[in-house]
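Try each task before reading its solution.

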Amino acid sequence: QVQLVESGGGLVQAGGSLRLSCAASGRTFSSYNMGWFRQGPGKEREFLAAIRWSGDSTHYKDSVKGRFTIPRDNAKNTVYLQMNSLQPEDTDVYYCAGGPPAYDPNWYRNQRYDYWGQGTQVTVSS
C-alpha cells in the first residue's frame, strides 16, 4: 500500500513562509502525478497545485500563483509545497495526494487522485 505522510505544518505569522513535505513510500513515486489540497471547517476541499510525474508541467489555483510552488524530488520520493506571503485565510489542513499520469496538455483538469495523506495543520496568525 502506498503511504503519503505530510509534515512541515505549524504556526506562522502573516507574511511568513512554510515548506510542507509529502513523503511517499515505495519505488513507484516517480510515475505518479502529485497534488496539494486544503480544507478547513465549513469549507469544501480546495485544489491548490499539481505537478506531473516527470516534473515537466505544473498547475496552480489562480489565487495562489506567485505565492505557492510545488517542486518534487523523485530521488527522495518527496513532493513539496513552498508557501510564501502567507495570510490568515491560508489557515487550513493541507493534504497531499497522488494519482496516475496523464499526457493531455490539460491533464490537471481531470486528474484522479488515488492516494491521500492524513493532512498537516497550517495556522497563519494576523
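**Exercise 1.** In which sense do strand S1 (residues 4–7) and S3 pair, and over how many bridges?

*Solution.* A note before we start: this is a predicted model, in which local features need pLDDT of at least 70 and side-chain atom pairs count only at pLDDT 80 or more, while totals for chains, interfaces and linings use all residues. Residues are numbered from 1 along each chain as its sequence is written, and side-chain values use heavy atoms, without hydrogens and water.

Step 1: strands are DSSP runs of E with at least two residues, numbered from the N terminus, and two of them pair if DSSP finds at least two bridges between them. Step 2: S1 and S3 pair in the antiparallel sense, over four bridges. Step 3: within this pairing, Leu4 lies opposite Ala24 of S3.

**Exercise 2.** Find the strand that six bridges join to S3, and say how much of S3 is buried.

*Solution.* Step 1: the partner is strand S9 (residues 78–83), antiparallel to S3. Step 2: Arg19 faces Gln82 in S9. Step 3: five of the seven residues in S3 (residues 18–24) are buried, meaning under 20% relative accessible area with a 1.4 Å probe, protein chains only.

**Exercise 3.** Is Ile51 buried or exposed?

*Solution.* Step 1: locate Ile51 in strand S5 (residues 46–51). Step 2: Ile51 is buried because its relative accessible area is 4%. Step 3: list its contacts (heavy atoms within 4.5 Å); leaving aside neighbours within four places in sequence, they include Asn33, Ile70, Val79 and Trp107.

Methods: Buried < 20%, exposed > 50% of the residue type's maximum accessible area, 1.4 Å probe, protein only.
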